[in-house]
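Colleague: Could you walk me through this one, feature by feature? I'd like the general idea each time, then the case at hand.

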Amino acid sequence: MKPKTRSSKKAKNGPNVKELSSETKESLQDDDAIQLLDVAITAINITKDLVPIDLAKGILGTVANILIIAQSVIKNQSDFQAIVDKCETIREILERATKHATDDDLRGYLGHALSQLNRSVNRINSEVASKKEQGFWQRLLSVTSDRDRIAGWEKDLDRVIPLFSAEMLVGLTIGMNARTAGLKDNVHGNVERYHPPVSPSRPSMFYGREDLVAELTNLVVNDEHIALIGFGGMGKSSLAKAIINEPLAIEKFADRRFFVTYDGLDPSTITFETFTTRFAGALGIELAGADPMRQISALLRSASALVVLDNAETFEEASGSSALGEIPPAIADIANIPGVVLILTSRSRRNAPNVRWITKDIPPLDSSAAQAVFFQIYQHASCSEAGEDIRDLLKELEFHPLSINLLANAAQQNSWSPATLLKRWNNRHSKVLNPGKGKLQSLSDTMQLSLSSPSIQDLGNDGRRLLTIIAFLPQGLNDTLASDLLPSLPQVDIICDVLCRQSLVYRQDSFIKLLAPIRHYVRDSLQAPDSTYLGEIRNFYYRTVDCCLEERDHYADIITSDHLNIEHVVAFDFAYVPDVIEDTYDICWQFLWCLQRHLPRPTILTPIVFKIIENSSTREPKARCLQYLGALYTTLTQLTEGMKAFKTAKALYLTVDDHENAAHCVVQCADIYRCQGRFIQSQQVLEAFQHTDSWTFLSEASKAYVLYFSDKARMYTLTAFVDELFVKSGEDRDWGLPSNIWYWRANFYYGGDILQANTHLEDLLTQCPSTGDLFARRDVLEGLAQIAFCEGRLSDAMDILHQLVEMFEGQYSDGVLWYTVQKAIVASKQENYDLARELIHKSSEPFQFFALRNARAFLHRSYGSALIELAAGEYDKAASQFTATIEGCNMQGNLHAKAFNIRGLGEVAFVQGDFVLAAQRFAETRSLCVEMGVPPYHLYSCLPFHALSSRFEGWGLFLEGRSSFTNVM
């Protein structure tokens, strides 16, 4: 085969000559690259002999060696062109920068820059040499891998060369070498020495902040200035140290990560000189002359830099005029330097203006991180051995990092067991958190540091007095109502703003709050709450409770927002303010009524009310408080507690001959039995009361009240003819309307004329008020809905139930839930099971606070869900729902609901052909009917919406003893 020859210039331009192949082009380019490498190596070696500094000679020697190895190892030398260019730049810089330098200059900028460059070129030299070892003669490395590796080296030099050259030139410019820079007139403004700083390492005990560190690091590397704000001991400094040690921060800022701390300085004496001296020291320079910021800025301008200003509240709170006037603009100037990023940590929010800070309030730790910190220090028991009490204690500290650290150290140093630690905490509270001296070893010292700041001192006594009030109130101070609660403190809003800026308090959900450790410290160490302030708060809250009505109004809104504070004031007055005890009794029962009406929940007043010492002056007010306490717990379906309160109240009322209220308590006890399905017991209680001496003292209205509730129990047991029910109570003016409503409902339940019952109920609806007491209107509409449901007028039933939902929206959350579930049952009857399930889900969404505390609401919703799944043929789901509801019934002692659900399980078993199990379930249901006093055939008579579809006939067949049950009964 004829060998190829080089193309002549003439042939190359000829019309018939083909384009050169890519391989030929690369070969030519590599030839050119080899020649360039030779030239660069020669130039570097010549410069190496000329420079006077040994370190520079060594760097140039290493650079030359890199290029020599590249000639023999790198397969595609043309891709090495960028590295050759960088090496030539290094040669030029070193030649220029060290021309007049001496060994003394190595202690300043020049030495620092040369050291940085030396590390980088040595690293590249090592990697190039390793390539040679991997295969000098074979050249095994692929072209692609060479290019990737070369690109990495180029990037490394791109980072180092600007740093080197910029720092070198800045050093020369400001007088590192005055002869070279030519600035002989400014020798007095020189930076005398440069000491390369060492950044603080990442804290060894740092838990639970990973996501926050990542978020903040991302901001930093994207050139955002961030201000980390929080009370002392929240971990601001540790967080900043973690950020500057993140790989992304190290990659971007390298050794130019500076940590400037202003800890230990007195804000009242700090000067601009103090500020700049600390700053320069952290940068590694010693200042000389009258323009320190010029020298600091010169260093920072040389390349990208990350600067942490730690404990910035020290200079932000500076009271000296020079510091106040000069420091903020200086920080703004630094922030405006291209490539400079600031991290500021501070207790204060008075951060330097004219800087685009991204402010981050540092949160406490989460539970798992708090435990990790505690048990890393405390070695006398493991987390599992310590139990829930220690976890609850850490929660009580609101997972404040410093407090957890101090608590763990105190327990560890004193060898306390978990039990002893809890005892010490209960006895001493915040004093346990003072094991040493200094702000990092004592909560007291860190508090004093904040309290001694000029901003707080300027408030005088009002600042501390307000802190004690905020600590006294469990919810903190209502920000919106602050001036109403404390009218004698006209500057209350301004004081709150100052306390917030100093991170002593924080705003959350319209309240001014204290972090738990601060609250403990204030309660333990500062003066007791000011009596004038307490009196004003008492007057405002007591007036609010006294004005609260049944309808939701402005006063009700205040009670629902400040309920814990009001409760605490009442409890405090019971214990410590005997002068207002009569008002306290009155407000106590009114407040309990407000809770029942607007925000049903358990209350800490329960043991206080039960422990009121009984005498001639306290029996009646105590009985009244117990009566409303019983009503509250009945609303919550905490029936045992409600029954206890009513019985105790009744006994007290009888001792003071208040037979009317005694009768009310008896009726409430009987109605609790009725709601549980214990109809016989309900009747017995009311009938027994009619034979007591108290009966003769009752008004006719009170007697009608007793008879009305007695007939409601008798309606279920059919111990009287239907026509006899609600007749006597119907004669009373007050109880006539509800008695007539229930008379016609009972008539409908037990086979009366449906049309006649419907007509009478519609007539009674016109007599019911549409505002105020809505319960009579509710009872009529519910009866009409039941009639429509039983007649198959399902759309009418749905419309009426929707009226009931709308009527109770915003007033009675349990009523909304109740009738929404019944709408779901109607939808199920219409075979619209998706809508039915949606309504069941919707029924509790807006009322989770109430529903979680009301077992009756849960049982109703759960049973409704089971009915829907049963009708839809989802028998396993229905059985699961029935079973869950039965567990709730057992907890509540609710026989009626339990009977419904056990019968439901029986129908599931019957449909699935398990007649033995079905018979067992039905037998249990019949036993419950006997216990309740309800005829088994009339189990659902008074509650039509609870009845199962007629296609589920196992219960009826069982009662008749027919068909499948003949052999198993």
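Predicted model: local features only at pLDDT ≥ 70, side-chain atom pairs only at ≥ 80, totals over all residues.

Colleague: Now the sheets. What is the strand order in the sheet of 5 strands?

Modeller: Two strands pair if DSSP finds at least two bridges between them. This open sheet runs β3-β5-β6-β2-β7, with parallel pairing. β3 (257-261) and β7 (357-361) are the edge strands, each with a single partner, so one side of each has no neighbour in the sheet. From one strand to the next, the twist averages 15 degrees; axes are lines fitted to C-alpha atoms, for helices over the stretch in contact, and angles run from 0 to 180 degrees between N-to-C directions.

Colleague: Which residues in β5 are the bridge partners of T261 and F258?

Modeller: T261 partners D310, and F258 partners V307. These belong to the parallel pairing of β3 with β5 (residues 305-310), which spans 5 bridges. Helix α11 (residues 272-283) packs on this sheet, touching β3 and β5, and its direction makes about 145 degrees with that of β3. As for β3 itself, 4 of its 5 residues are buried, so the rest of the structure largely encloses it.

Colleague: What is the pairing sense in the sheet of 3 strands?

Modeller: Antiparallel, in an open sheet ordered β8-β10-β9. The edges are β8 (477-478) and β9 (506-508), each pairing on one side only. Helix α24 (residues 492-501) packs on the sheet and touches β8, β9 and β10, its direction making about 105 degrees with that of β9. Between β8 and β10 (residues 511-513) there are 2 bridges, and N478 stands opposite F511.

Colleague: How should I read the nonpolar cores?

Modeller: In soluble globular proteins, nonpolar side chains tend to be buried together. A nonpolar core is a set of buried Ala, Val, Leu, Ile, Met, Phe, Trp, Tyr and Cys residues joined through side-chain atoms within 4.5 Å. The largest one here has 131 residues, and those with the most contacts inside it are I343, F374, L407, L466, L477 and L499. Helix α31 (residues 619-635) supplies the largest share, 8 residues. Another core, of 103 residues, lies apart from it and includes W695, I800, Y812 and A919.

Colleague: Which residues does L466 touch?

Modeller: Leaving out residues up to four places away in sequence, L466 touches L477, L486, L489, V492, I495, C496 and L499.

Colleague: Which residues of α27 are buried, and what covers them?

Modeller: In α27 (residues 554-561), the buried ones are A556, I558, I559 and T560. Their cover includes α26 (531-547), α28 (563-576) and α29 (581-598).

Colleague: Last one: how many disulfides are there?

Modeller: A disulfide is a covalent bond between the sulfur atoms of two cysteines. The rule used is a pair of cysteine sulfur atoms within 2.5 Å, and the count comes to 0. C548 is in none, its nearest cysteine sulfur being that of C594, 3.6 Å away. C548 is buried, at 8% relative accessible area. C665 is in none either, with the sulfur of C669 nearest at 7.0 Å, and C665 is buried at 0% relative accessibility.

Technical notes:
Residues numbered from 1 in each chain as written. Heavy atoms only, no water. Contact = heavy atoms within 4.5 Å. Buried < 20%, exposed > 50% of the residue type's maximum accessible area, 1.4 Å probe, protein only.
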